[in-house]
Amino acid sequence: MQLHIVGGFLGSGKTTAIAAACKTLSSRKKTVGVITNDQGKYLVDTSFFDNQKISAVQVAGGCFSCNYDDLMEKTDRLSRTIQPDVIFAEAAGASADIVATVIKPLRDVWKDREISITLSVFADTRLFNQWISGDETPFSQKVMYLYGKQIEEAGLLILNKRDLLSPGRGRLALDDARGRYPRKNIRLQNSLDILQVDSWLDELEAMSNKPVDLLSLPIDYNWYAAGKAALAWLDTSFEFQAEGTTDMRPLAVDWITSLDREFRLHSIGVGHLKLMLQAGKTEAKVSLTAGDAVSWRRQIPDMRGKTLRALVNARAEYDPSQLHDLVTKAARSVAENHQCQMEEKDTEAFRPGFPKPKRRMM
Ligand SMILES: Nc1nc2c(ncn2[C@@H]2O[C@H](COP(=O)(O)OP(=O)(O)OP(=O)(O)O)[C@@H](O)[C@H]2O)c(=O)[nH]1
Ligand SMILES: [Mg+2]
């Protein structure tokens, strides 16, 4: 079996690439499962994989390294229930130090089992460019420390969303990355293009057959923890109830437009605001990441129904309760403007705690 761990910063495109890769593998008659991971427990990504009919289980309440036993348990459960050829494990977007705390310990306990493990790290090429050139980014130095550590430990670094840059700037990013990390496998990718995802899969296949040496990182856990704790985690659900069946899209568009405006107004570094929207029979995942002004609009289809349900996962560099206030206030205001009743439930707003890996192998 192949276990492909997919790391990388919030909103870099991990879920998108994994979902596309699962489709390709299924069409090749391979059985595939996914393990999602997050600090919270009400996860947009898990519902997204469920909606795509991809077998997914989640390791919730902390990163893989702190929930290492749960990761092994979920891998075994998937192995028993679907007997997969391939499992993708998507690490939470603010986790690093995966080689020392997850991959090496797993290779150690599974030394008698035929499981190959790879590590891909995704990076939005635009943020990567800012970081590698020393330009200002939407995030503080603490958060960018964690970001840099993710990049540093990648077995395969994917500079993703290449389609959002000119070909020249994309190539320049690739050259810069290769200059900084001459021994790393690095690729430029547009994960919305299935052929480019297929070629990532080919690389994963090759790496599974001939494992690359992964090096444990030197990492300052105080800085790493400070980077995590600078981020606010908000998971919550809203239900908007209209008087009769109507198109709920305008309400959703107004809500995210107003959130985007607030984020800019308060200069909030948005890692990823993701929503799973559902009205009638229509479901849609909508993402807003740093620097995305418009693309989320295309992700909201017409949604006819009397009720719009929204599962919200927001990760941003801000105070958790203020982030919660901001999201709720905007929801209340659009509900009023669109003459809907609004109810909120299952809310958790917090900062990720100090990472305490179960094992760490140098
Ligand atoms: N243009 C473009 N958009 C992309 C690409 N890959 C992903 N996206 C978009 O980026 C947004 C975030 O993608 P996700 O796959 O959810 O990102 P993620 O890394 O799983 O995010 P977290 O799980 O929150 O860490 C979505 O709107 C995707 O459609 C790409 O190659 N090009
Ligand atoms: Mg994801």
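**Reading a metal and ligand site**

Visitor: Which residues coordinate the magnesium ion (ligand 2)?

Guide: Donors are N, O and S atoms within 2.8 Å of the metal (3.2 Å for Na, K and Ca), and as water is not among the atoms, sites may look incomplete. Here Thr15 (OG1), Asp45 (OD) and Glu90 (OE) coordinate the magnesium ion (ligand 2), at 2.0 to 2.1 Å. Aspartate 45 belongs to helix α2 (residues 44-51) and glutamate 90 to strand β4 (residues 86-90), so this pair ties together parts that are 45 residues apart in sequence. This is a predicted model, in which local features need pLDDT of at least 70 and side-chain atom pairs count only at pLDDT 80 or more, while totals for chains, interfaces and linings use all residues. Residues are numbered from 1 along each chain as its sequence is written, chains are lettered from A and ligands numbered from 1 in the order written, and side-chain values use heavy atoms, with hydrogens and water left out.

Visitor: Is aspartate 45 buried or exposed?

Guide: Buried means under 20% relative accessible area, exposed over 50%, and partly exposed in between (1.4 Å probe, protein chains only). Aspartate 45 is buried, as is glutamate 90.

Visitor: Which residues are closest to ligand 1?

Guide: A residue counts as near when one of its heavy atoms lies within 4 Å. Ligand 1 has 23 residues around it, and the closest are Lys14, Thr16, Ser191, His272 and Lys285. Helix α1 gives the largest share of this shell, 3 residues.

Visitor: How far is a polar side-chain atom of aspartate 45 from an oxygen atom of ligand 1?

Guide: The distance is 2.9 Å.

Conventions
Helix = DSSP H or I, 4+ residues; strand = E, 2+ residues; numbered from the N terminus. Polar contact = N/O pair within 3.5 Å; in protein donor to acceptor, adjacent residues only side chain to side chain.
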